[in-house]
Amino acid sequence: MNRPTGARARASADGLRRTFPARPAGDTAATTWWGRAWVTALTAQSRDPGRLARGSDLAARGSVDAVTVTPGLVLAYVHGSRPRPYRARLRVRPLTDDDWARLLDHIADHPAHLAALLDRELPPALAEGPVPLLPGVGDLIPDCTCPDPVRPCKHAAALCHRTARLLDQDPFVLLLLRGRGEDDLIDTLTRLSVTRAAPAPGGDELPDDEAEDPYRPPPLPGVRARDVLAAGPRPPVPPPPPVPDGPAAPPSYPSGHGGPDPLALDQLATQAAARAHALLTTGRDPLAGLGHWADAVRIAAARPGSGLTSAARDLYARLARAAGRDVTDLHRAVAAWQLGGEAGLVALEEPWDPPAGPFDRARPTLLAAGHPRLRPERNRLTHPAGDRQLRLGRDGLWYGYISDPGRDDWWPTGTPGLDPVAVFGALPGGGA
């Protein structure tokens with residue numbers, strides 16, 4: 001049985017959510033009759049073949065991110081002409097309980113159908129049987145966050161082609177869309193087959209409560225686990241599984257009316273996975289103890305564009321507002337974080353009184369190197385012109401700062417280091 005592994009798809013604990021990783025660029029044409037039927041269900045209702053062709057091209061270029069499949073819904077982010085991807089969805093009606101009962105009876109009556117499914121094949125007699133599985137024209141409902149008023153748009157068409165390839169590889173994806181996960185289906189069909197093949201001994205009728213459920217297996221003898229463990233020494237605890245090389249990418253999250261932003265959820269999930277992986281590999285949470293402001297600075301510093309793109313500017317404004325600070329404070333703090341991480345932020349915002357040692361030796365060392373006598377104040381040494389400054393961080397590193405003369409508007413710059421002479425000399429005008 002060629003069952004998909006975790007490297008190919010991730011499934012939820014209840015089997016009702018599967019996420020498939022993004023596919024690199026390549027041919028996306030469906031290869032099976034049921035994959036082509038899936039595409040036809042969407043394309044037959046389109047009024048613009050050009051959009052469908054562009055959707056096929058998008059899918060072939062690998063523009064469809066990870067695909068999430070749940071009962072009645074296929075969802076993925078699709079990259080178009082704008083920096084931010086669009087959220088495309090395809091909806092199909094799940095089967096009713098009565099439909100499922102008839103379908104399960106049909107499969108149980110034809111064991112070859114189950115054997116074909118386990119071999120990742122979809123027999124026409126099953127797909128077109130008493131309960132049709134493939135959507136017909138108009139049964140597949142596309143949706144997208146793009147501004148194109150025509151449906152299906154090219155992004156939904158790209159998702160349709162990508163989904164067809166998933167159906168090619170695993171028809172159980174189609175059954176999940178119709179409402180049941182693979183493990184649940186196999187277990188139910190196994191119980192149904194056992195019940196049909198093993199009637200009650202002597203023809204006795206089952207109790208009323210069991211007769212009401214045709215999928216309940218016959219009772220089996222067993223022993224309590226505690227009795228087995230009490231009978232002898234307990235087996236050793238198995239070794240832990242190997243630590244993965246890195247955190248996996250999160251699935252695509254659907255959005256609902258009034259619900260959280262899926263991209264924000266994606267960012268939170270990505271950070272949680274990175275923290276969990278760090279705990280597994282080092283035993284230390286790299287973000288433990290960060291306050292609200294420091295965490296906001298960390299998030300902003302990790303954003304591509306450093307506040308220059310429109311998306312990053314919006315993020316900076318929201319983070320600053322949530323932390324009760326202004327955007328200028330956030331930009332200054334991000335510059336400090338990018339130089340020294342949390343220690344760099346502390347050097348920016350928390351003056352402190354260093355003990356005797358490196359701080360006391362720094363002034364005569366700078367004088368010997370030809371620099372003027374710097375004015376000390378707590379952990380800071382300031383040039384007489386008021387335009388350059390050194391700060392000793394709690395991590396033992398010296399951090400360089402510059403300001404317009406006469407203004408207390410210090411910005412971190414340069415590379416921190418253990419040598420105050422080298423750090424000060426690297427500042428603009430530091431040689432003077």
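1. Strand 10 and strand 11 (residues 411-417) pair in the antiparallel sense, over four bridges. Pairing here requires at least two DSSP bridges between the strands, and the elements themselves are DSSP runs numbered from the N terminus: helices are H or I with at least four residues, strands E with at least two. In this pairing Tyr-401 stands opposite Pro-412 of strand 11.

2. Some ground rules apply. This is a predicted model, in which local features need pLDDT of at least 70 and side-chain atom pairs count only at pLDDT 80 or more, while totals for chains, interfaces and linings use all residues. Residues are numbered from 1 along each chain as its sequence is written, and side-chain values use heavy atoms, with hydrogens and water left out.

3. Strand 10 also pairs with strand 9, again in the antiparallel sense, over five bridges. Arg-391 stands opposite Tyr-399 of strand 10. The two strands make a hairpin with five residues between them, and Gly-396 in the turn has a positive phi of about 90°. Four of the five residues of strand 10 are buried, buried meaning under 20% relative accessible area, exposed over 50%, and partly exposed in between (1.4 Å probe, protein chains only).

4. Which residues of helix 15 are buried? In helix 15 (residues 358-368) they are Phe-359, Ala-362 and Leu-366. Seen down the helix axis, these residues fall within an arc of 30°, so they line one face of helix 15; the arc is that of the directions from the axis to the C-beta atoms. An α-helix has 3.6 residues a turn, so residues three or four places apart point the same way. Arg-361 and Ala-368 are exposed on the other side of helix 15. Just after the helix, Gly-370 takes a positive phi of about 95°.

5. The buried residues of helix 15 pack against strand 7 (375-377), strand 8 (380-382), strand 9 (388-392), strand 10 (398-402) and helix 16 (420-425). Contact means heavy atoms within 4.5 Å.

6. Aromatic pairs number two. Rings of Phe, Tyr and Trp (its six-membered ring) pair if their centres lie within 6.5 Å; planes under 30 degrees apart count as stacked, over 60 as edge-to-face and the rest as tilted. Trp-33 and Trp-34 are edge-to-face, at 6.0 Å centre to centre and 90° between the planes. Trp-33 is partly exposed at 27% relative accessibility, whereas Trp-34 is buried at 3%.

7. The rings of Phe-359 and Trp-398 have centres 5.9 Å apart and planes at 15°, so this pair is stacked. The pair links distant parts of the chain, with Phe-359 in helix 15 and Trp-398 in strand 10, 39 residues apart. Phe-359 is buried at 8% relative accessible area and Trp-398 is buried at 1%.

8. The largest nonpolar core has 55 residues, of which Trp-38, Leu-90 and Leu-103 touch the most other members. Such a core is a set of buried Ala, Val, Leu, Ile, Met, Phe, Trp, Tyr and Cys residues joined through side-chain atoms within 4.5 Å. Helix 6 (residues 154-169) gives the most to this core, with seven residues. Apart from it lies another core, of 24 residues, among them Ala-296, Ala-333, Tyr-399 and Trp-410.

9. Not counting residues up to four places away in sequence, the contacts of Trp-38 include Leu-90, Pro-135, Cys-160, Ala-164 and Leu-177.
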